[in-house]
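Let's take a friendly walk through a protein model together. Keep the sequence and the 3D view side by side as you read.

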Amino acid sequence: MQLTGIHHLTAISAHAKGNVAFYTGVLGMRLVKKTVNQDDVSAYHLFYADGKANPGTDLTFFDWPAAREHRGTRSVSRTGLRVNGEKALGFWQDRLIKLGAHVGKVTEVDGRLTLPFEDPEGQRLVLVDDGGRGEAHPWEKSPVPAEHQIRGLGPIVLNVPDLARTAPVLSDVMNMKRVRDYASPDGEHRIEVFSMGEGGPAAELHVLEQKDLPASRQGAGGVHHVAFRTPDEEQYHAWTARLSEFGVHSSGEIDRFYFRSLYFREPNGILFEIATDGPGFATDEPMETLGEKLALPPFLEPRRKEIEAGLKPIT
């Protein structure tokens, strides 16, 4: 039983229209699913991904009228977005500066070239050169040239107060491998790298321990949860059983229609999800027109008029 990488990461936005403008217009990602939070249908759930809406490329947002995140520990502190090559990072640095984004400098971190930046709400992101590893599926309608487009997610950085509590869950329960450590960008801490499946930047968690940092307070510009890939329902059911065997309290199995989900918190309080690769976002819409209309899973379809009435236009 092996998780194969990052499935998706879900963050929080208090400005859905601006969120769409930034992630499609500036970052050039494809809006592959415009739906609602299945537990709170007053809020959009927006999914951005590559041209074919592949698992492992989804950056998603709940549209909640929340105050800004109070940064701290017990949180996802930076989300990696993979691109191919030093030239891509140079392109992105120029583009983000030109478009007024808060962007840092290209620096080498953990042996890879990186470019940290933030979205307009302070969501902490970093472009990571993945050396072209694995497949890429550019979106033909993106404003970003195909060779420079974002290829997918990873690595993801967690900030915890007590690594000794988190590490056994990652290693013993989730079967990740502790593969190396490196100095944090400020040079004051060590960051531990945990790898899934075949490894590589699309399948890594980087964990930073800061014992004296206050706990984060979730809000706009922050991350809600990170999800990990499991290939099929057989292994998904096996993960449900495994969490139970290890005494890890979970949500139980939840059918999200586009994938199956299983939620639990690691010991420092960060919300994890294990999600299946399928059925996928083309289950209820043609691949060619993904994200153009409000999509609802079958159990919410009878409430379409009510749900649409409670949502604000965003595109």
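Just after helix α1, G28 adopts a positive phi of about 70°. Helices here are DSSP runs of H or I with at least four residues, strands are runs of E with at least two, and both are numbered from the N terminus. You are looking at a predicted model, in which local features need pLDDT of at least 70 and side-chain atom pairs count only at pLDDT 80 or more, while totals for chains, interfaces and linings use all residues. Residues are numbered from 1 along each chain as its sequence is written, and side-chain values use heavy atoms, leaving out hydrogens and water.

Step back into α1 itself, residues 16-26: its buried residues are A16, N19, V20, F22, Y23, T24 and V26. Buried means under 20% relative accessible area, exposed means over 50%, and partly exposed lies in between (1.4 Å probe, protein chains only).

Now turn to the nonpolar core, a set of buried Ala, Val, Leu, Ile, Met, Phe, Trp, Tyr and Cys residues joined through side-chain atoms within 4.5 Å. The largest one has 67 residues, and L27, L127, M174, F228 and F272 touch the most other members. Which residues does M174 contact, leaving aside its neighbours within four places in sequence? They are L3, V169, F228, W239, F264 and F272, where contact means heavy atoms within 4.5 Å. A second, separate core of eleven residues includes V32, F47, A49 and Y258.

Charged residues come next. Side chains of opposite charge can pair when their charged atoms come close. A salt bridge is a side-chain nitrogen of Lys or Arg within 4 Å of a carboxyl oxygen of Asp or Glu, and the whole structure holds 20 of them. In one of these, E285 pairs with K33, with the closest N and O atoms 2.6 Å apart. This pair links distant parts of the chain, 252 residues apart: K33 sits in strand β2 (residues 30-37), and E285 in the loop between β17 (271-279) and α5 (304-309). Both E285 and K33 are buried.

Another salt bridge joins D110 and R180 at 2.7 Å, N to O. D110 lies in the loop between β7 (107-109) and β8 (112-118) and R180 in strand β11 (residues 177-183), so this pair ties together parts that are 70 residues apart in sequence. D110 counts as buried because its relative accessibility is 18%, whereas R180, at 29%, is partly exposed.
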